[in-house]
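Hello,

Here is the structure I promised to pass on to you. Have a look at it first, and my notes on what turned up follow below.

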Amino acid sequence: MPGARRVIERCRELATFTEVAGETTRPFLCESARAVQGLVRQWMESAGLEVRLDGMGNLRGVSARADASTTRLLLGSHLDTVPRAGAFDGVLGVVLAIEAVAADGLPIAVEVIGFSEEEGVRFRRPFLGSLAAVGRGAELHGLRDAAGETVAEALRSFGVDAGAETGLAPEAAAYVEVHIEQGPVLESLDRPLGVVEAIAGQSRYTLRFVGQSNHAGTTPMHLRRDALAAAAAWLVAVEGYARSEEGLVATVGRVEARPGASNIIPGEVTATLDVRHRDDAVRERAGQELLTRAQTTAERRGVAVEVRVELAQAAVAMDAELVGMLTSAAAEATGSTPPRMTSGAGHDAMIVAGRVPSAMLFVRSPGGLSHHPDETVRTEDVAAALMTLRGVLRMFGERSTPERTEAAHA
Ligand SMILES: [Zn+2]
């Protein structure tokens, strides 16, 4: 498994490029991102790709056979990281794609993309790289980071040519992204690979529970309007409801009680609610139901609830034909049909799917761990993913050959 070992070594090498010593923290357009791009560029060039930086700082490597007459398969993932990241989130998909196309006799034109920004750390808006590639870059240029710098200014000071072509080429026919699962499902099934059928939609809300703060010693229990007790009763109900619905996940990830002193009844609580499901109707119904339950639970305690909708993002289906190709290539690589999965996390494939048919292959995350320094992969799983990706390249080659022959005779 020398290919898989090289992929893992390269991912670990990229993890040493960071803005904060002793950890891997590499947000959009920082100095360590420049160093990573330099190294990935070298690897792409040794794999025979012609490399350039586009207008959003995405690194794009195109195979020599690519021209406007040949359909092009896009491969890749992102090169930025969250703070204190692991070594494989994002970069695995880029490095593995380079390894897959490095073999001689590439059967099809390919483009490997290292998206510059997916995590949304610097500008608090994710998917900047892939959004720009699908033609939505202009609306992002005015976003500001915590220091007040805009995306346009950051691109300029990084040395990105604002006029560089950023959109996907018209001959781009499909996008395949390999990514670590970032969850425990494949490990629980004891399977190396999974094929993603859909990326779950997300609803995010902020709820404000408003009761009455008062003296913790002098206010009898039956005369209280405790906002935190109301929020707590509700969040246990959220967990119960989500468990009762297949595939639904609902999370109260942040709770803040005010005034926040041990001898004062909490008068106000702010809580977040995140709801995800592959079926938008189920997600929307769940969101409504959980907001209604917040109202009824709080009302019984004399607490009012205000709701703000933060995000309503539809689920994105992966392309059925690509899912089929990945499934048979993975079955060939591993000896058994891989499980079909829903991704609970967002990925670049979700954005690119708006432009070209897209699909994803998940690689088992040992310990189910991600966005964490201990994030890892198994060599044999990476080898299977590499074989799967090469299988997809071959299938694409077989599929496009008759068209090319026809075109040659036309
Ligand atoms: Zn990622």
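A salt bridge here is a side-chain nitrogen of Lys or Arg within 4 Å of a carboxyl oxygen of Asp or Glu. Please keep in mind that this is a predicted model, where local features need pLDDT of at least 70 and side-chain atom pairs count only at pLDDT 80 or more, while totals for chains, interfaces and linings use all residues. Residues are numbered from 1 along each chain as its sequence is written, and side-chain values use heavy atoms, with hydrogens and water left out.

Let me begin with the charged pairs. By that rule the count comes to 31 salt bridges. In one of them, the side chains of glutamate 245 and arginine 285 meet at 3.9 Å, N to O. Glutamate 245 sits in the loop between α7 and β8 (249-251) and arginine 285 in helix α8 (residues 280-299), so this pair ties together parts that are 40 residues apart in sequence. Helices (H or I, at least four residues) and strands (E, at least two) are DSSP runs, numbered from the N terminus. Glutamate 245 is partly exposed, at 24% relative accessible area, and arginine 285 is partly exposed at 46%. For those words, buried means under 20% relative accessible area, exposed over 50%, and partly exposed in between (1.4 Å probe, protein chains only).

Glutamate 111 and arginine 72 form another salt bridge, at 2.5 Å from N to O. Here both partners are buried: glutamate 111 has 1% relative accessibility and arginine 72 has 10%. Within helix α11, arginine 394 forms a salt bridge with glutamate 398, their closest N and O atoms being 3.7 Å apart; the two are 4 residues apart, about one turn of the helix. There is also a network of salt bridges that links Arg208, Arg254, Glu256, Arg258, Glu268 and Glu306.

Now to the interior. A nonpolar core is a set of buried Ala, Val, Leu, Ile, Met, Phe, Trp, Tyr and Cys residues joined through side-chain atoms within 4.5 Å. The largest such core has 95 residues, and those with the most contacts inside it include Leu73, Met318 and Leu393. Helix α11 (residues 379-409) gives the most to this core, with 10 residues. Apart from it lies another core, of 23 residues, with Ala231 and Ala286 among them.

Leucine 73 touches, among others, Ile108, Glu111, Leu393 and Phe396, not counting residues up to four places away in sequence (contact means heavy atoms within 4.5 Å).

In helix α3 (residues 91-101), 11 of the 11 residues are buried. Helix α4 (residues 128-136) has 7 of its 9 residues buried, so it is largely enclosed by the rest of the structure. Its buried residues are covered by elements including β2 (59-63), β4 (109-115), α5 (151-158) and α10 (348-352).

What about disulfides (a pair of cysteine sulfur atoms within 2.5 Å)? A search of the whole structure finds 0. The sulfur of cysteine 30 is 17 Å from the closest cysteine sulfur, in cysteine 11, which is too far for a bond. Cysteine 11 is buried, at 0% relative accessibility, and cysteine 30 is buried at 8%.

One last item is glutamate 23, in the loop between α1 (2-14) and α2 (31-46). Glutamate 23 and proline 373 are 350 residues apart in sequence but 7.4 Å apart in space, C-alpha to C-alpha.

Best wishes

Terms used:
Disulfide = S-S within 2.5 Å.
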